[in-house]
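Hi everyone, thanks for coming.

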Amino acid sequence: MSHILVVEDEAIIRQSVCRLLQRHQYDVTDVDSLDAAKAHDLSRFDLIISDLRLPGGMGTELVELAGTTPVLIMTSYASLRSAVDAMKMGAVDYIAKPFDHEEMLRAVKRILTESQLAQKAPTPKALQQEVNREYPHSGIIGSCEPMLLLFKKISKVAPTDATVLILGESGTGKELVARALHNQSRRGKADMISVNCAAIPPTLIESELFGHEKGAFTGANAMRQGLVEAADGSTLFLDEIGELPLEAQARLLRVLQEGEIRRVGSVQSIKVDVRLVAATHRNLKEMAQRGEFREDLYYRLNVVELSLPPLRERGDDVVEIANAMLARACEKMQQPPMHFTADAVQAIRTYQWPGNVRELENAVERAVILADDDSIPAAILGLDLSPDRYISTSMRENLVQPEPYSSAGQPQQQGDLSLDDYFVHFVLENEQAMTETELARKLGISRKSLWERRQRLGIPRRKGNR
């Protein structure tokens, strides 16, 4: 029997939660303040359910004290923004008051199940396999920590109708995440409607998305239903939403605010029930500041944000993905099973994959075609492993007009700059104005990678830079 601690200062709510949990065979202890909770040995509980605001402080203070015991936060501030903030402080989950009993029981069961799986699984890879049995993710492969965190967020967000913004470089698999969100939602039985906003000419985008009436413009010979209307009762996935023209953005904002559309050329509004999932590789917040994207639409889209790490930051995931792609390519091309040689595996791990999963898939398929037998050596993968081959997109954007310096600190010609030279220049020029986290984000690398490169290149951290 799982032992749960309930921390809630409002007696009616506390007693209601306790009775609910006890009716479903949970062992419950309840307290009415933060200090009373701290008086207990929190590690002996299987779950802590705490109000966000308590006499004596915030419920999230219990997260650090609880160690490995998960903390579920309750709050009457019923907004998804509060949910995100609470989870950033370390809560494993969030539930908004007033909540119904089924919602509370589902959250408790899921958290306890995940906690038990984590205790049973000896490695992150084994944990992912256990979690995937409970919460399938539409074939997304990944065992690294950022992907495991992403899987948990998908499981939390998918059952809701919250609008989701998926961020990640091109080719990282944003549509797979959107499909996982759709498949695990109440809309999963309907077909998800996918739209690549960059693939539709700006002059046609409004008609494609919202439909048009007969005679609305030259060539409109019949009424046509738009893709938003076609997604009624389902999920609409808008890929590369940063390419959407401002006029279409205004119409999309109406869909999110009012739940209705108006076809081009019509005066009648049509109600639609659509769950919107958007994706982009661009920085929408910076675009909004430059007037290139509607700020009100950005905040409507960014209710829940999911970030996909680039392939170069996913460790051994890249080999696991490559092996899965190899098996699929052999089956597709009706070839006998193949395998990568040791030097090919090393090349796959070492290469930076600027095109991410899409580039990896192309390299694998090309290798299957060119292979002479059932082994695939590094040579036929066609990867350029020279050290200055790859510079991330975000790094290029921030180094448009650099004053070039070599890694030895000497002036250098622009055409001779290597990746290390760009790195040294950018860090030295910006570390006074940026934190380590901001530097890493602008360079398109993790904070750990930034620290490792500083060590390798002998660039000390400036005092006070966090």
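**Salt bridges, pair by pair**

Let's start with Arg 179, which forms a salt bridge with Glu 175, the closest N and O atoms being 3.5 Å apart. By salt bridge I mean a side-chain nitrogen of Lys or Arg within 4 Å of a carboxyl oxygen of Asp or Glu. A word on the source: this is a predicted model, where local features need pLDDT of at least 70 and side-chain atom pairs count only at pLDDT 80 or more, while totals for chains, interfaces and linings use all residues. Residues are numbered from 1 along each chain as its sequence is written, and side-chain values use heavy atoms, leaving out hydrogens and water.

Back to our pair: both residues sit in helix 8 (residues 174–183), four residues apart, about one turn of the helix. Helices here are DSSP runs (H or I, at least four residues), as are strands (E, at least two), numbered from the N terminus. Arg 179 is partly exposed at 31% relative accessibility, and Glu 175 is partly exposed at 37%. For these words, buried is under 20% relative accessible area, exposed is over 50%, and partly exposed is in between (1.4 Å probe, protein chains only).

Next, Arg 14 pairs with Asp 30, with closest N and O atoms 3.1 Å apart. Arg 14 lies in helix 1 (residues 11–23) and Asp 30 in strand 2 (residues 27–31), so this bridge ties together parts 16 residues apart in sequence. Arg 14 is buried at 12%, whereas Asp 30 is partly exposed at 38%.

Finally, Asp 161, Arg 186, Arg 187 and Asp 273 are linked in a salt-bridge network. The overall count is 21 salt bridges. Thanks, everyone!
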